[in-house]
Amino acid sequence: MATWIVNAKRLNPETGESELAHVRVDNGVIAEWRQGTLPETAGAQVIDAKGKLIAPGLIDMHVHLREPGFEYKETIASGTESAAKGGFTTIAPMPNTRPVMDTPETIRFVLDKAATEGVVRVLPYAAITKNELGRDLTDFPALKEAGAIGFTDDGVGVQNAQMMKNAMALAKSLDMPIIAHCEDDSLVEGAAVSEGEFSRKHGLKGIPNESEAIHVGRDILLSEATGVHYHICHVSTEQSIRLIRLGKSVGVRVTAEVCPHHLLLSDEHIPDSMDANWKMNPPLRTPKDVEACIAALEDGTIDMIVTDHAPHSEEEKARGMERAPFGIVGFETAFPLLYTKFVRTGRWSLDFLLRRMTSDPARVFRLPYGNIDTGAPADLILIDLDNEREVDPATFLTKGRNTPFTGWKLHGWPALTMVGGKVVWTEENGINR
Ligand SMILES: NC(=O)N[C@@H](CC(=O)O)C(=O)O
Ligand SMILES: [Zn+2]
Ligand SMILES: [Zn+2]
């Protein structure tokens, strides 16, 4: 059966204004757009989108679904439900599961689970090295064949430059990207927060900015040498950005992502209680780094926004700043946070924010999603731009409650999520399998 979504507000990127529009979805694709008077809808399912913005489903190229192995933190079912509620229709999970997604069997396991229990599209990455230990490369051709979309050891950096160079050369020969968590272990030594005023005040060891930027610089050179598409995870420092800008300016195939928390929070925001919901990797840096990240996203040095959704249990996060694991959840707050803090304040256009969460990741990773033009897969969302609501972790669909944004009053909450023509979540009725 076809579906008509009527009376939606569709953004005209040229004028920045939204126009009343109706769209017919048929066979999982966008079949037709209409403006003006209501179309004939007999025989179709009708969704009245009155007052809501219609936009492409959001794409998140960096997430943690925790399955297999850490089902107490998240499952493919709970993680994709959380994604749907946040307006994400395509997500790319990282391989730091247990076992690590380093064999074709684990990639197939994730894809099968996602097909049977997931509610959004799941495009898994495979590990660069076996068990993410940095010692032996995984079987890249077999992992590609099984359905992996790229290679990464996210959670840790690849410490050995020759290992990374070999991985890049192999990935290049398969036309696959390398996605890198940039962190030099020799400069970090078990620290939990960024090196700076906050770490000194609390007598904590600090993570210096160079620990990230050294890998960024090294890998840009290795990408230049091998020709591989090299994508940098969760950029957080001014120094990294300087190097990415330089790499792009000389034609290296380097792309990058940034998380909402690195655009909104610095170490100055961390409460003195040292609540571990403020602990993530990379850590919150200085206000100067935050401003550099924003400017880099604006000028295209950073290509896209990702959440790095990283759920952990309440028990784990209660261990305190030094002992708790790194990571915060992201799906259900990302869009409202950025819409409220950057679009409603007038710094960004709505079109710009949407592009960095839809068509830009689609372009960089060559995905057929991220737009709602006629003929495109019907991955779309309706967003309520007008009603303010408070962030309340008790309402999350993720198993994680680990967010520093509790109590923030935000606008821009998703109201409906459709994947491939199927409504998978609505504000009113929740998840629809
Ligand atoms: N970002 C985090 O703080 N944590 C991630 C790992 C990672 O993304 O490096 C996790 O797996 O929990
Ligand atoms: Zn990482
Ligand atoms: Zn991550």
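Visitor: In which order do the three strands of the open sheet with E6, E7 and E8 stand?
Guide: Strands of a sheet pair through backbone hydrogen bonds, either parallel or antiparallel. In this predicted model, the order is E6-E7-E8, and the pairing is parallel. Here two strands pair if DSSP finds at least two bridges between them; helices (H or I, at least four residues) and strands (E, at least two) are DSSP runs, numbered from the N terminus.

Visitor: Which strands stand at the edges of that sheet?
Guide: E6 and strand E8 (121-122) do; each has a single partner strand, so one side of each is left without a neighbour in the sheet. Strand E7 (residues 88-93) is joined to E8 by two bridges, and this pair runs parallel. To find the spot in the model, look for threonine 90, which stands opposite arginine 121 in E8.

Visitor: How should I read the numbers and letters?
Guide: Residues are numbered from 1 along each chain as its sequence is written, while chains are lettered from A and ligands numbered from 1 in the order written. As the model is predicted, local features need pLDDT of at least 70 and side-chain atom pairs pLDDT 80 or more, whereas totals for chains, interfaces and linings use all residues.

Visitor: What is the order of the open sheet of four strands?
Guide: Its order is E9-E12-E13-E14, again with parallel pairing. Strand E9 (178-180) and strand E14 (304-305) are the edge strands, and each of them pairs on one side only. Further in, strand E12 (residues 230-232) and strand E13 (residues 254-258) pair in the parallel sense over three bridges. There, histidine 231 stands opposite threonine 255 in E13.

Visitor: Where might I see antiparallel pairing?
Guide: Go to strand E18 (residues 413-419) and strand E19 (residues 422-426), which run antiparallel and are joined by four bridges. Leucine 416 stands opposite threonine 426 in E19.

Visitor: How many residues lie between E18 and E19 in their hairpin?
Guide: Two residues lie between them, and glycine 420 in the turn has a positive phi of about 55°. E19 also pairs in the antiparallel sense with strand E20 (residues 430-431), over two bridges. Tryptophan 425 has isoleucine 431 in E20 as its bridge partner. E19 and E20 form a hairpin too, with three residues between them.

Visitor: What should I look for in the backbone angles?
Guide: Most residues other than glycine have a negative phi, and most peptide bonds are trans. Asparagine 7 is not a glycine, although its phi is positive, about 65°; you will find asparagine 7 in strand E1 (residues 3-11).

Visitor: Where is proline 68 found?
Guide: Proline 68 is in the loop between strand E6 (58-63) and helix H1 (76-85). The peptide bond from glutamate 67 to proline 68 is cis, with omega near 10°. Another cis peptide bond runs from asparagine 281 to proline 282, with omega near -5°. Proline 282 has its place in the loop between helix H8 (260-264) and helix H9 (287-299).

Visitor: How many helices and strands are there in the chain?
Guide: The chain has 13 helices and 20 strands. Taken along the principal axes, the box that its C-alpha atoms fill is roughly 65 × 50 × 45 Å. Enjoy exploring the model!
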